[in-house]
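This report walks through one protein chain for a reader who is new to structures. Please keep the sequence and the 3D view at hand while reading.

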Amino acid sequence: MIIAVVSGKGGAGQTTLSVGLTQAWVNLGRPVQLLDCDVAEPNCHLFLPHQVSRTVPVPVPMPEIDTQLCNHCGMCARICEYNAILCTKDRMEVSEDLCHACGACVELCPQDAISETPLNIGQIIHATSGPAPLTYGLLDVGQTRAQPLIFALKHLIDPARINVLDAPPGTSCSVVETVRGADFICLVAEPTPFGLYGLQLAHEALTELGLPTGIVLSRMGLGDRRIHEFADQHGIEIYAEIPDDRRIAQSQDRGQPLWSVAAEYQDLLRSLAERIEQRVTSCAS
């Protein structure tokens, strides 16, 4: 089972919920692992005692042009969808920042003048955190290509476990890559105008995937009920409401998860985890 935790804006509480759901499933005796797909700024590990077991570099294939074979025909530059190749009559250049490593230039070069060389863009960090493995990606400084790293991270999804995927905030291609293939999307939002706008963006970006979706509201009591109206309008269930509790903010400041705040939140997280399981099971049957 694959559960993607998503928010249309940062700071809504999706990491808090990802860690909390993982701990709830551990408490329920389910095999579970947590994959932090926010590879630009992973932070699930900040709220869990863990020990890093190994680090694996993640390379992408970058085109390399043999100037002895290249006749500057310009085919590679014309077929590159991302304008990553500059071709003039006396110069060839590949932009590492723009290249998406699709391989089209290598396949279509009529002179076979282009080969591929690996370029490390980041790393996958494996850690142990009690019975639930914790794995997260970390982009190298200056790298912008998050999708290949997320793709590599998702290769570690274990079909024998519940896999909790903490997605990057926002609605970028990285978010779509994270949720692709998920069994359930948990949309986290706070009941404020900014929270509603982020929720609207996330819903618009992800609705075409046709995946079962539920909303979890954080910091309830802070704003109004416009998100409830949005949920009713679009037929999305609200699965849980987490109050605007000072104790939660204090625990986050200390690097402590929601699970440790109070017994009432343990009950809330267990109930939410069980409800998500039931929804996924009913959709699969």
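This is a predicted model: local features need pLDDT of at least 70, side-chain atom pairs count only at pLDDT 80 or more; totals for chains, interfaces and linings use all residues.

Strands of a sheet pair through backbone hydrogen bonds, either parallel or antiparallel. In this model, 9 strands form an open sheet with mixed pairing, and their order is 3-6-7-2-8-1-9-10-11. Strand 3 (51–65) and strand 11 (237–243) are the edge strands, each pairing on one side only. On average, neighbouring strands of the sheet are turned by 20 degrees against each other, direction ignored.

One pairing can be followed in detail. Strand 1 (residues 2–6) runs in the parallel sense with strand 9 (residues 184–189), and the two pair over 4 bridges. Within this pair, Ile3 stands opposite Phe184 in strand 9.

**Helix 1 and its contacts**

Helix 1 packs on the sheet, where the strands it touches include strand 1, strand 8 (162–166) and strand 9. The direction of helix 1 makes about 165 degrees with that of strand 8.

Two packed helices are described by the angle between their axes and the distance between the axes. For helix 1 (residues 14–27) and helix 9 (residues 263–284), the angle is about 85 degrees and the axes are 8 Å apart. Angles of 65 to 115 degrees count as roughly perpendicular, and helix 1 and helix 9 are therefore roughly perpendicular to each other. On the helix 1 side, the residues that meet helix 9 include Leu17, Leu21 and Trp25; among their counterparts in helix 9 are Leu269, Arg270 and Ile276. The residues of this contact divide into 8 nonpolar, 2 polar and 2 charged.

**A residue of helix 9**

Leu268 is placed in helix 9. Is Leu268 buried or exposed? Its relative accessible area is 18%, so Leu268 is buried, the cut-off being under 20%. Apart from its neighbours within four places in sequence, Leu268 is in contact with Ala240, Glu241 and Ile242. Leu268 and Ile242 are 26 residues apart in sequence, while their C-alpha atoms are 8.3 Å apart in space.

Most residues other than glycine have a negative phi, and most peptide bonds are trans.

| Residue | Phi | Loop between | Relative accessible area |
|---|---|---|---|
| Asn83 | about 55 degrees | helix 2 (75–79) and strand 4 (85–88) | 60% |
| Asp112 | about 50 degrees | helix 3 (104–108) and strand 6 (114–129) | 59% |

Asn83 is exposed, and Asp112 counts as exposed too.

Methods. Residues are numbered from 1 along each chain as its sequence is written. Side-chain values use heavy atoms; hydrogens and water are left out. Axes are lines fitted to C-alpha atoms, for helices over the stretch in contact, and angles run from 0 to 180 degrees between N-to-C directions. Angles under 35 degrees count as roughly parallel, over 145 as roughly antiparallel, 65 to 115 as roughly perpendicular and the rest as oblique. Contact means heavy atoms within 4.5 Å. Ala, Val, Leu, Ile, Met, Phe, Trp, Tyr, Cys and Pro count as nonpolar, Asp, Glu, Lys and Arg as charged, and the others, Gly among them, as polar. Two strands pair if DSSP finds at least two bridges between them. Buried means under 20% relative accessible area, exposed over 50%, partly exposed in between (1.4 Å probe, protein chains only).
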